[in-house]
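Have a look at the structure below. This report takes up its charged pairs, then a helix pair, then a surface patch.

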Amino acid sequence: MNTLSSLFLNDTIDAEIEAFCASDPEFMKAEQDFEEIASQIAKLVGFDLYDAFERGFRKYINRASDLYYLFGLGLRQEILQNLSAGG
């Protein structure tokens, strides 16, 4: 029987996510566009400044994604609790 940890915490999850993303043409195009623009900006402002910007931006975006996900989990829990109480 699978446990939740074995479903979400395993040695292949990174490769599976990467393959899933690579199967989406929109994602691949967005990634390519981003890399081209990032390269242009790095040439203009220098690698160190661009690298600092990108690390800060990724940290911000990752945290925002985490919070949106956690908000969604809380909302789902509230809906399930209300359904259980009413049914």
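## A pair one turn apart

Arginine 58 and glutamate 54 sit 4 residues apart in helix H4, so about one helical turn separates them. Their side chains meet in a salt bridge, with 2.4 Å from N to O. The model is a predicted one.

Glutamate 54 has a relative accessible area of 16%. That value is under 20%, so glutamate 54 counts as buried. Arginine 58 is partly exposed, at 41% relative accessibility.

## Other salt bridges

Side chains of opposite charge can pair when their charged atoms come close. Across the whole structure, a search finds 4 salt bridges. Another one of them links arginine 55 to aspartate 51. Here the closest N and O atoms are 3.0 Å apart. These two residues also lie in helix H4, and their spacing of 4 residues means about one helical turn between them. Arginine 55 is exposed, with 54% relative accessible area. Aspartate 51 is partly exposed, at 25%.

Arginine 63 and aspartate 66 form a salt bridge too, at 3.9 Å from N to O. The cut-off is 4 Å, so this pair counts. Arginine 63 and aspartate 66 are 3 residues apart in helix H4, again about one helical turn. Both are partly exposed: arginine 63 has 45% relative accessibility, and aspartate 66 has 39%.

## Where two helices meet

Helix H4 covers residues 47-86. Its axis and that of H3 come within 7 Å. How do H3 and H4 lie to each other? The axes cross at roughly 135°. The two helices are therefore oblique to each other.

On the H3 side, the contact involves Phe34, Ala38, Ile41, Ala42 and Val45. On the H4 side are Phe47, Leu49, Tyr50, Glu54 and Arg58.

## A nonpolar patch

Which residues form a nonpolar patch on the surface? They are Ile37, Ile41, Leu44, Val45 and Leu49. Together they have about 490 Å² of accessible area. Helix H3, residues 25-45, gives the largest share of the patch, with 4 residues.

Isoleucine 37 is one patch member and lies in helix H3. At 47% relative accessibility, isoleucine 37 is partly exposed.

Conventions: Residues numbered from 1 in each chain as written. Predicted model: local features only at pLDDT ≥ 70, side-chain atom pairs only at ≥ 80, totals over all residues. Heavy atoms only, no water. Patch = residues over 30% accessible without salt bridge, like charges linked within 9 Å, V, L, I, M, F, W, Y side chains within 5 Å. Areas by Shrake-Rupley, 256 points an atom, 1.4 Å probe, with all protein chains shown as cover. Buried < 20%, exposed > 50% of the residue type's maximum accessible area, 1.4 Å probe, protein only. Axes fitted to C-alpha atoms, helices over the stretch in contact; angles between N-to-C directions. Parallel < 35°, antiparallel > 145°, perpendicular 65-115°, else oblique. Contact = heavy atoms within 4.5 Å.
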